[in-house]
Amino acid sequence: MQEKVKIAVDAMGGDNAPHEIIKGAVEAVKERKEIQVCLIGKRELITHELSQFSYPKDQIRIEHAQEAIETAEPPVLAIRKKKQSSIVIGMNMVKQKEMDAFISAGSSGAVLVGGQVIVGRIKGIERPPLAPLIPTEKGVSLLIDCGANVDARPSHLAQFARIGSIYMKYVVGVKNPKVAIVNIGAEEEKGNALVKETYPLLKECKDINFTGSIEAREIPHGEADVIVCEAFTGNVILKLYEGLSQTLLHVVKKGLLSTLRSKIGALLIKPALKETMKSFDASAYGGAPLLGLTGLVVKIHGSSKAAEVKNAIIQCVTFHEQEINEKIKNNIGNSDKGKE
């Protein structure tokens, strides 16, 4: 009998909760028999939403949470005071090994604080980074960090590079991932103080394939597999990436429907265009794992629809099967103890 991968999902977090979150969970269990989902939130609401769907009943259960952490709440205070919130309950389930992973579209701050305070860091990990996969011309790249550590130090970025390499190798299957640091030019002497101090540390790392600096315009071409930066820069890159993709799609659609001739052409190219645009849909790659914790925590967009929820749940199966936390612990945590 196949072992179930147990995934806790915050049913109350995000702009489209609980309907889209629950719909995504249902789609995930219908697609993969090895997934066991625990929806955390107000039992009455979840039960009502689930009644609208047909799904294998033995693959979804409900864990009642009477509280929810709102986006505007101070994260540290919310985690401390709202012990019966869906985020705190989910984090504790991962900490106690009741669940293999926790996914939330809720408060980013609460997820980041809860991940570190409740689940806890692997010994030797200085700062856990958020690391989403982003679509490129050559496939996907890992953007690390995109939101967890705004004021990172050079040693943090060097560790991000090593963590990212392990993730790309074992989760994505890239044999010798190319690692680059985000910079304003290709030359080693360029950049701000953080980049200049981090660059030599990355050159000295024997366990990564460091290729130097990468300018923002080269990121969509897939010139690096692991893109290293602090969270402020990473978040700007991610948001611009998403906004530009949506704008281009809107402009292309508008252009294709502008005249009778373009409408005829649109019908002819629709299948190819649809496939191309699908490859650049960030939601197809799941959420951003908070790497370097003792358990798996994944943050998805606050605006996530069912497709992203489903893909994030399925992403957790690969993460669990590859024992990525153990690999990070064995390759980085043990060798970096005492550097915290």
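**Stop one: a greasy patch**

Start by selecting Leu260, Ile264, Leu268 and Ile269, which make up a nonpolar surface patch of about 440 Å². (Patch members have over 30% relative accessible area and no salt bridge; like charges are joined within 9 Å, nonpolar side chains, meaning Val, Leu, Ile, Met, Phe, Trp and Tyr, within 5 Å. A salt bridge puts a side-chain nitrogen of Lys or Arg within 4 Å of a carboxyl oxygen of Asp or Glu. Areas are Shrake-Rupley, with a 1.4 Å probe and, for residues, only the protein chains shown as cover.)

This is a predicted model: local features need pLDDT of at least 70, side-chain atom pairs pLDDT 80 or more, while totals for chains, interfaces and linings use all residues. Numbering runs from 1 along each chain as its sequence is written, and side-chain values use heavy atoms, leaving out hydrogens and water.

Zoom in on Leu268, in helix α9 (residues 260-279). Helices (H or I, at least four residues) and strands (E, at least two) are DSSP runs, numbered from the N terminus. Leu268 is exposed, at 70% relative accessible area; exposed means over 50%, buried under 20%, partly exposed in between.

Finish at Ala17 and Pro18, joined by a cis peptide bond with omega about 0°.

Terms used: Buried means under 20% relative accessible area, exposed over 50%, partly exposed in between (1.4 Å probe, protein chains only).
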